[in-house]
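This report describes the arrangement of sheets and helices in one protein model. Please consult the sequence and structure shown here while reading.

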Amino acid sequence: MAKFAINLKKGTIAKDSDVIVGIDLGTTNSLVAYIKDGESVAVKDENGKNTLVPSVVHFKADGSTLVGEEAKQKLVTEPENTIYSVKRLMGKSFNDVESVEQYFGYKIINEDEDKLVKVRVGDKFYTPIELSSFILESLKKRIEKVLDATVRKAVITVPAYFNDAQRQATRDAGKLAGLDVLRIVNEPMAASLAYGIGLKADETKTIAVYDLGGGTFDISILQIDNGIFEVLSTNGDTFLGGDDFDRAIIDYWVDTYNIDKELLSTDKNFSQKVRLLAEEAKKVLSSTDTFKSEINGLNIEITLEKFNELVQPLVNRTIKACKNALKDAEINVPEIDSVVMVGGSTRIPLVKSSVATFFGKEVNDSLNPDEVVAKGAAIQADVLAGNNKNLLLIDITPLSLGIETVGGLMDTIIPRNSKVPNRSARQYTTSVDGQTKLKVAVFQGERDLVTHNRKLGEFILTGIPPMPMGLPKIEIQFILDADGILKVKAKELRSGVEQTVEMRSQYGLSEEEMAEMLIDSIQNAQSDMAKRAVLEAKNEANNIIRSAEKFLEQNGRLLTEEEIATTQSLTTALKKSVEGEDKDVINQAMDDLNQFTSPLAHRAMDVNIKEAMSGRKV
Ligand code: AMP
């Protein structure tokens with residue numbers, strides 16, 4: 001159902017869109033896609049041209065920001081105020097990135113080596129989460145313009161090898177951008193979905209996703225089994241991509257045409273010009289045999305043959321990584337059913353042919369390789385929105401699930417990377433003699449102390465029969481269903497006392513929603529309790545009415561006419577109260593009837609016993 005709100009600034013009605021968008025938050029470029037008329041489409045810029053938003057943020061002197069193409073223009077002229085490749089910093093501490101610090105043209109802060117890094121721009125500090133949120137905000141705005149509605153929900157992709165800190169950081173960036181991140185999806189899984197691989201319920205396939213972008217290379221081997229996507233292995237090189245291909249061309253030109261190396265390293269504008277020309281040459285060579293141009297009046301050229309010779313070593317490095325990935329996955333080349341190509345650099349003919357030769361089959365390259373991941377994310381988003389009822393896309397739990405044990409320790413019951421759905425149990429016992437209750441607090445995360453993990457909820461198993469400590473056998477079972485909903489069952493095995501609680505474990509709830517749910521559940525709990533009290537009173541009243549009528553039927557002869565009449569009128573009053581919903585009125589009517597009839601019942605019982613004793617009745 002669409003929600004509406006008044007936009008006070010514009011004086012218009014702002015719609016809230018139901019669409020869940022798919023976002024590829026890339027190292028070099030980012031995109032947003034959604035399902036339009038059943039098709040996954042990547043959203044273009046205002047001019048209807050580019051779907052790619054360069055993942056670059058520029059800070060202007062007044063502190064305001066530029067994102068995307070405009071920010072990219074500032075990379076050369078104002079490198080210290082222009083942030084790129086922020087994805088490389090997500091969820092990382094300074095220690096993690098120290099060795100590659102020189103790669104960044106901006107200032108990375110090392111005030112505390114173990115804490116998450118920050119980036120310094122002017123006299124301000126920004127976390128990679130904030131910086132990424134600027135990119136996400138710009139994507140959000142882009143799609144909101146197209147849909148003319150507010151977009152609040154998204155699926156964001158991350159590399160399969162991203163750890164929890166990196167996933168969490170990505171999620172937080174989404175939250176900061178005003179997006180509720182329903183799911184963090186592995187990029188190779190999204191890519192295969194874009195090609196429709198894994199969309200059928202009873203499909204079993206092993207696929208390779210080859211992703212060569214501007215600055216990174218990833219190869220992932222996935223096992224798809226009935227909608228379950230399992231990452232068997234990942235490999236790659238975080239510093240190998242299209243930029244290296246450009247550099248190979250620059251180096252060739254420098255050598256061949258005696259381009260001034262000194263000028264190239266000191267004159268930013270000149271080096272940028274050469275770099276852009278090399279990239280253009282590379283792109284042109286993806287569809288023709290020769291590239292010709294000029295630099296500062298100097299005629300230059302490069303043939304496809306030469307280019308292939310130059311970049312062969314780079315391509316070989318990617319093939320070596322493919323071999324390693326297969327080895328880690330314990331998969332042989334012939335077992336790979338499909339190869340999916342992702343990333344702008346897979347347009348290079350030599351890349352395509354080398355990958356096809358290595359895997360011994362045609363590669364999937366019919367879709368725009370820049371858009372594949374975002375499109376797949378939109379498909380996953382659509383499934384989450386419930387628009388594809390026959391499909392259940394399942395992946396693996398990104399975080400471990402467990403309970404708190406003595407001393408605040410996390411005891412994992414379903415480890416991270418387990419297939420979903422999943423079911424697992426462990427046995428516990430009591431720590432005090434005669435303990436009748438056990439608190440079960442459920443957490444998600446990888447840290448040893450639960451305080452560092454995320455609490456999903458808690459409940460108390462009550463009614464454990466008192467036993468010496470260590471004797472009760474309490475089984476805690478975790479049942480994780482395909483939607484990521486976790487059911488926790490606690491059962492004392494000796495007595496059979498049991499309780500089940502449902503918790504939502506997937507990344508999916510914003511803090512507000514969580515708070516709302518809690519308030520709801522408390523309010524509902526109160527009204528549920530009241531309802532239950534009325535129901536219980538009615539049940540009891542009906543039992544009493546039945547007994548009173550039976551009593552009159554069997555013992556009427558022992559009562560005075562007045563006693564019979566009063567009993568009848570009190571029974572009628574009770575019947576009437578049961579038709580209402582007031583438990584106090586029902587209870588009062590029950591008391592009245594009980595009080596009046598209980599001496600009569602005693603008297604009747606005495607008479608009946610006497611009669612039985614004297615043998616008149618058996
Ligand atoms: P991505 O990170 O996936 O956006 O990839 C961008 C990279 O793809 C850049 O290095 C581009 O130069 C490269 N690229 C884009 N188009 C082509 C093309 N037609 N031929 C070769 N490389 C390309």
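In this predicted model, four strands form an open sheet with mixed pairing, in the order β17-β16-β15-β20. Its edge strands, β17 (228-237) and β20 (338-342), each pair on one side only. From one strand to the next, the twist averages 20 degrees. Strands and helices here are DSSP runs numbered from the N terminus (helices H or I, at least four residues; strands E, at least two), and two strands pair if DSSP finds at least two bridges between them.

Strand β16 (residues 217-225) is joined to β17 in the antiparallel sense by 9 bridges, and Ile219 stands opposite Asn235 in β17. Helix α10 (residues 304-329) packs on this sheet and touches β15 (204-212), β16 and β17, its direction making about 140 degrees with that of β17. Touching, or contact, means heavy atoms within 4.5 Å; angles run from 0 to 180 degrees between N-to-C directions, and axes are lines fitted to C-alpha atoms, for helices over the stretch in contact.

A further open sheet of 4 strands has antiparallel pairing and the order β22-β21-β24-β25. Here β22 (409-414) and β25 (454-461) are the edge strands, each pairing on one side only. Neighbouring strands are turned by 30 degrees against each other on average, direction ignored. Within this sheet, Ile403 has Asp411 in β22 as its bridge partner.

| Strand | Partner | Bridges |
|---|---|---|
| β16 (residues 217-225) | β17 | 9 bridges |
| β21 (residues 401-405) | β22 | 5 bridges |

Helices α7 (residues 242-256) and α9 (residues 268-284) pack at an angle of about 110 degrees, with axes 9 Å apart. They are therefore roughly perpendicular to each other, a term for angles of 65 to 115 degrees. From α7, residues including Phe245, Ile249 and Trp253 meet residues of α9, among them Val274, Leu277 and Ala281. By class, this contact has 8 nonpolar, 1 polar and 4 charged residues. Ala, Val, Leu, Ile, Met, Phe, Trp, Tyr, Cys and Pro count as nonpolar, Asp, Glu, Lys and Arg as charged, and the others, Gly among them, as polar.

The protein as a whole has 15 helices and 28 strands. Of its 618 residues, 46% are buried, meaning under 20% relative accessible area (1.4 Å probe, protein chains only).

Residues are numbered from 1 along each chain as its sequence is written, and side-chain values use heavy atoms, leaving out hydrogens and water. Because the model is predicted, local features need pLDDT of at least 70 and side-chain atom pairs count only at pLDDT 80 or more, while totals for chains, interfaces and linings use all residues.

Definitions and conventions
Parallel < 35°, antiparallel > 145°, perpendicular 65-115°, else oblique. Buried < 20%, exposed > 50% of the residue type's maximum accessible area, 1.4 Å probe, protein only.
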